[in-house]
Amino acid sequence: MRIMHTADWHIGKQLNHYRLVDEQWDAFNQLKQIAQTEHVDAIVIAGDVYDRSLASEDTVKMVNEMMAELNLHLHYPLLVISGNHDSAERLGIGRQWFADKQFYLKTQLAEAFTPVVLADTQFFLLPYFTPHDAQLYFHDDTLKTMGQAMARITATMQKQFLPDKRHLLVAHFFASGEQTTSTEVGGLNAVPLPTMAMFDQVMLGHLHSARALLNDKIKYSGTLMPFTVNAANQAKGVRIFDTNTGTNTFHTIQPLHRINVLTGSFADLIQQPPALPVDDFVAFQLTDQQPIPDLMNKLRQAYAKQRVLSVQRQNGLQSDLNQVEHTVDVQKLTPMELLDGFYHDVMQQPLTAMQRQLAQQCLDETLKEEK
């Protein structure tokens with residue numbers, strides 16, 4: 001079998017309040033093209049189909065259209081689990097009859113121990129879970145860590161292994177090569193790799209980089225597109241695992257609109273903006289240290305055809321210590337005095353009368369609600 005591994009679609013996600021509908025449809029269409037070109041036999045989605053557990057109606061419709069395209073129109077078997085961003089209850093509605101169309105959707109720990117068998121492979125679909133979920137399922141309060149829970153889960157799965165099949169695990173958590181670790185991602189500690197050693201291949205979701213874990217058998221697919229400035233230059237795409245050859249290959253998906261990180265002085269970036277595609281995203285690394293009044297508005301005006309995300313100071317923000325004659329006890333200042341000082345430090349100008357009036361109204365309303 002040739003199995004596509006993807007995860008962390010996060011449909012409905014916004015990037016600094018910019019909607020990503022066009023970008024996510026474009027990434028999906030590239031995924032679809034890769035599936036057809038590479039002649040895959042099934043598609044795995046290892047959790048976080050949605051970005052929020054309470055997804056909007058438009059987002060639910062978008063996901064339904066994508067699943068229908070892959071499963072009903074192109075006839076790919078789909079093997080899907082819920083992640084920590086998904087609502088297991090909402091995502092799982094209708095899954096009892098999805099299997100008739102080879103759409104295998106697992107959202108509860110109890111469902112993970114009955115494998116899905118396709119051709120030469122047993123798929124064990126393990127949705128996002130916590131140690132408490134394992135305690136309840138096994139009636140065992142000693143399962144206090146993810147490692148302890150996972151060891152019990154995989155030992156139970158192994159009893160279902162058929163000797164003439166490949167054994168593939170699909171899961172959504174933070175995996176680490178350390179036997180024990182205090183590091184946490186998403187509030188849960190890591191799952192040690194040895195607890196999954198009995199599987200021929202492990203397809204993971206949760207971490208957004210395809211290179212988050214360098215292991216021959218245990219892989220993250222990463223996201224289909226970058227969702228943060230830090231991920232601007234990360235390769236994004238899908239993996240394909242071939243059960244005949246045992247090979248795992250990565251196939252790149254190009255973003256419809258790139259995240260461009262521009263470094264330089266404010267004057268240079270304003271006076272000589274580079275030619276960027278319309279609707280690309282832009283993040284700035286300013287070399288200036290001095291405060292710049294109305295900074296974001298000026299950048300948005302200069303880059304009106306792009307979408308401005310953020311500004312960082314590469315060398316920090318300079319404070320004029322020579323003007324500080326004494327230490328101010330901020331606990332003795334009123335909220336309006338604090339706002340006056342903060343606004344002046346950032347904008348290098350005082351609040352206008354209208355701004356003060358609006359700020360005072362907001363403060364009065366807040367204090368009234370607290371009473």
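**Salt bridges, cores and a sheet**

Author: Let's start with one side chain: Arg152 is partly exposed, at 32% relative accessibility (buried is under 20% relative accessible area, exposed is over 50%, and partly exposed is in between, using a 1.4 Å probe and protein chains only). This is a predicted model, where local features need pLDDT of at least 70 and side-chain atom pairs count only at pLDDT 80 or more, while totals for chains, interfaces and linings use all residues. Residues are numbered from 1 along each chain as its sequence is written, and side-chain values use heavy atoms, leaving out hydrogens and water.

Reader: OK, and what does Arg152 form a salt bridge with?

Author: With Asp140, and their closest N and O atoms are 2.8 Å apart (a salt bridge is a side-chain nitrogen of Lys or Arg within 4 Å of a carboxyl oxygen of Asp or Glu). Arg152 sits in helix 6 and Asp140 in the loop between helix 5 and helix 6, 12 residues apart (helices, H or I with at least four residues, and strands, E with at least two, are DSSP runs numbered from the N terminus).

Reader: Is Asp140 buried or exposed?

Author: Asp140 is buried, with a relative accessible area of 16%. There is also a network: salt bridges with shared partners join Arg2, Glu38 and Asp242.

Reader: How many salt bridges does the structure hold?

Author: Seven. Glu38 pairs with Arg2, with 2.9 Å between the closest N and O atoms. Glu38 is in the loop between helix 1 and strand 4, while Arg2 is in strand 1, 36 residues apart.

Reader: And where do Asp242 and Arg2 lie?

Author: The side chains of Asp242 and Arg2 meet in a salt bridge at 3.3 Å, N to O. Asp242 is in strand 16 and Arg2 in strand 1, so this pair ties together parts 240 residues apart in sequence. Asp242 counts as buried at 10% relative accessibility, Arg2 is partly exposed at 22%, and Glu38 is partly exposed at 25%.

Reader: New topic. What order do the six strands of the open sheet come in?

Author: The order is 6-5-4-1-16-17, with mixed pairing (two strands pair if DSSP finds at least two bridges between them). Strand 6 (103-106) and strand 17 (248-252) are the edges, each pairing on one side only.

Reader: What lies across strand 1?

Author: Helix 1 (residues 21-37) does, and it also lies across strands 4, 16 and 17. Helix 1 runs at about 165 degrees to strand 1 (axes are lines fitted to C-alpha atoms, for helices over the stretch in contact, and angles run from 0 to 180 degrees between N-to-C directions).

Reader: Which residues touch the most other members of the largest nonpolar core?

Author: Leu126, Met157, Leu169, Phe173 and Met196, out of 32 residues (a nonpolar core is a set of buried Ala, Val, Leu, Ile, Met, Phe, Trp, Tyr and Cys residues joined through side-chain atoms within 4.5 Å). Helix 6 gives the largest share, five residues.

Reader: Last one: where does pLDDT stay under 50?

Author: Over residues 320-326, which have zero contacts beyond four places in sequence (pLDDT is the predictor's confidence in each residue, from 0 to 100, and contact means heavy atoms within 4.5 Å). Where pLDDT is low, the predicted coordinates should not be read in detail. The chain's mean pLDDT is 90, and 89% of its residues reach 70 or more.
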